[in-house]
Amino acid sequence: MGQKFQYDESGGTFFYFLLSFWALILGPVTLFYWPRKQKRNPDEEKKLCHCQPCLQKREHLKNAEPWRGIKHFLIKLVIVGGWLTLIFLAYKVSQFDYEMANFDPYEILGISTGASQSEIKKAYRKLSLILHPDKDTGNEKEFMKLSKAYQALTDEESRKNWEKYGNPDGPGAMSFGIALPSWIVEKENSVWVLGLYALVFMVALPIVVGTWWNRSIKFTGDQVLLDTTQMYYYYFHKTPNMALKRVIMILAASLEFDRKHNSEIVERPSDDEEVPHLFKKLPNLKEKNKEKPLCYPYSLKARAILHAHLSRIALNPATLEKDRQYIVGKCPYLIQEQVNCVNQLILLAYAGRIKSLPSIETIENCMKLCPMVVQGLWEFKSPLMQLPHINDDNLKYFMSKKRQIKSLQQYAQMKTDERRSLLRNLSDEEYENVIKVLGKMPSIDFQITVEVMDDENPTEVTAGAIVTVTVNLKRKNMSSLFNDDVAEDDIAENGLDEGKEAGGGDGDNDTKVKRPAWLKQKKGGGKKVKKASKPAPKAAALIKTNVEDSPSVSVERKSKSKSERKQRLDEDQADSADESDADTNELNDKSSGDESTTQKSNPEDDDQEWEKFRKIHEREKSLEGKSKSSHAVHCPYFPHDKQEYWWTYICDRKSRTLLTAPYHVTGLVEQETVHLKFTAPTWAGVYSFTVCLRSDSYIGFDQQKDFKLDVKKAPEEITKHPQWEFEDSEEENPVDKADQESEYTTDEDLPEDED
């Protein structure tokens, strides 16, 4: 059977192609890009702060994009034009369907099936007089259809094919239409068609790909310039123990603020006068520093603007204020990059790639800087100045002889009349703004659980085991503290008193780790307890899961003599022997009971299975994407809307080192659970570590909890496994166990005054 290929002469099939293609594109484009006005809820408006800086910020955000209205109008115009085009294509297709319906010559001529030749000719003559193009009532298209019908019925073979196959051409012809108009392949149009192909595939496409590639190789995954990241690495490696103002200098030297690397930066002739004048208002700016790029004009300008921002100095709205809004808006992303750089340097130091090890103070100074920038406040200023209408003049009311209110938590826990009396100089409207902002600030219940997951005894830590610290965060608004009868015991349990908020928990108040339900508690006696050992905090209920496996790092231990280490090994062996005797006696006492009870179904087994299921579920949740939405931050001096984020990590305060990479908590709406993992020390002993929680948005909301890690000696069946014995290597490199140094600092390694 023959096949016939032809281009679309009438354009019908081409309209089919355009209609389907255009509908697939236009629907999603309309759904995602149609401008929508955000209707403000009057109730939500009442909950907002109406202090002067907040009103100015909202007005600035509203007018930040003056071309937004024109942009939305053009988007609507393009989308409406697209839908009109779709309607036109649908109309053309419907017309094509009508015209290309099943061809019936009898119906066109208006005669019955089986009519004679004379009846066919008579009908043709009658209709041709009406439809001929030369007549007043003529119709060229209808006349062509009439002629085709007449030819199909007057030709004997065509009529037989029609009556037998329904096609005048018979069964041997199958037509395949190409959904392109025929003018595309016409010789006179070939130059234009080839030119269009060349323009799209040889010019436009390489330009788009090249532009994307050129931009991608300049930025990190967080859209920070790679040159800026390299500069951070250089200075943090050069200064392992970096002070806070030095961190500000490095931040101000970011190449995002340089016109040569960022075309969005505006340089004005007025900067030559305004910037030096600003230098005179700012002490300790260190503008005479000769290090590059710290001494470059763009770096000095950014540093001066950051100092002015932290000091809340008013700038020229037409010049330096615009620069302040741009520079401050970039800072949270750059500070997060600084934290990442310091953490990577710590990992490189433990891997032996670099010699100098950045201290824990350096990375914490980077974290401290973020809430300072967001709130526009120096760290030595009172946290109460984060509230609206609170300044240096009315801070004196908080520091009277009767009371010393230093934190926001203390102020929130006061009785209503006492809170109002402290700010009696404010009007009712101003005081209402203070309470609105204070009530929306976070109150974090910060609890930790220390265990060894996937182990038979998760509460016992052996040398070299992977320790998992589960950080449970539960957020409430500060308004939950607005109670006239708040008990001091309840405040202490929630960790909301000033001491725990600022300095973390005290090791003397720690309680013993709670054993799992399926493991029976041991009764007293039988085991020696060292004086230096202190129990760890009580385990809190797990709330919500968001697992993060932080890379484990090591901590250097102070060197000790061989005799002291051997003496410790002897003591550990004696303790193990005493413990085994006590366990044996306990088992013998229990064996006299009824053995049938152990064969019955125990509900504790169900708890164990449920615990395993929970851990598997936590690991699956860790694969999900991190949310970037939490709670809006009250930050009138920050130019953009800010979400409330946190950092949590584990460190060793005594050796001033970091144990786990800081985990950035970005989705704490109500509850969040984070798992921080590190490798236990290789030597038995009692070690003190600290879990820290730091806010990147508010000052004075940092918390920390200390815990003791009682590391036991690894069991003999593990340390002397046959598969792990390498006789050749041991003979070549014999090592005395007493000469091995621990990776961590125990409580016994420090003088008594440091415990």
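**Close-up 1. Helices α13 and α14 pack against each other in this predicted model.** Helix α13, which covers residues 297-310, and helix α14, which covers residues 320-350, have axes 10 Å apart and pack at an angle of about 85°. The two helices are therefore roughly perpendicular to each other, since an angle of 65 to 115 degrees counts as such. On the α13 side the contact is made by Lys-301, Ala-302, Ile-305, Leu-306 and His-309, while α14 contributes Leu-320, Asp-323, Arg-324, Ile-327, Val-328 and Cys-331.

**Close-up 2. Helices α6 and α7 form another helix pair.** The axes of α6 (residues 117-131) and α7 (residues 140-154) come within 10 Å and cross at roughly 170°, and the helices are therefore roughly antiparallel to each other. Gln-117, Ile-120, Lys-121, Tyr-124, Leu-127, Ser-128 and Leu-131 of α6 make the contact with Glu-142, Phe-143, Leu-146, Ser-147, Tyr-150, Leu-153 and Thr-154 of α7.

**Close-up 3. Three strands make an open sheet in the order β3-β5-β9.** The pairing in this sheet is antiparallel. Strands β3 (442-451) and β9 (671-679) stand at the edges with a single partner strand each, so that one side of each is left without a neighbour in the sheet. From one strand to the next, the twist averages 20°. Strand β5, made of residues 466-477, runs antiparallel to β9 and is joined to it by 9 bridges; one of the residues to look for is Lys-474, whose bridge partner in β9 is Gln-671.

**Close-up 4. Phe-678 and Phe-689 form one of the 12 aromatic pairs in the structure.** The ring centres of Phe-678 and Phe-689 are 5.5 Å apart and the ring planes lie at 75°, so the pair is edge-to-face. Because Phe-678 lies in strand β9 and Phe-689 in strand β10 (residues 685-695), the pair ties together parts that are 11 residues apart in sequence. Both phenylalanines, Phe-678 and Phe-689, are buried, and they belong to one aromatic cluster together with Tyr-687 and Phe-707.

**Close-up 5. Charged side chains sit over the aromatic rings of Trp-378 and Tyr-431.** The charged end of Lys-245 is placed over the ring of Trp-378, at 5.6 Å from the centre of that ring. In the case of Tyr-431, Arg-420 lies over the face of the ring, 4.6 Å from the ring centre.

Key: Residues numbered from 1 in each chain as written. Predicted model: local features only at pLDDT ≥ 70, side-chain atom pairs only at ≥ 80, totals over all residues. Heavy atoms only, no water. Pairing = 2+ DSSP bridges. Helix = DSSP H or I, 4+ residues; strand = E, 2+ residues; numbered from the N terminus. Axes fitted to C-alpha atoms, helices over the stretch in contact; angles between N-to-C directions. Phe/Tyr/Trp six-rings, centres within 6.5 Å; stacked < 30°, edge-to-face > 60°. Buried < 20%, exposed > 50% of the residue type's maximum accessible area, 1.4 Å probe, protein only. Lys NZ or Arg CZ within 6 Å of the ring centre and 35° of its normal. Parallel < 35°, antiparallel > 145°, perpendicular 65-115°, else oblique. Contact = heavy atoms within 4.5 Å.
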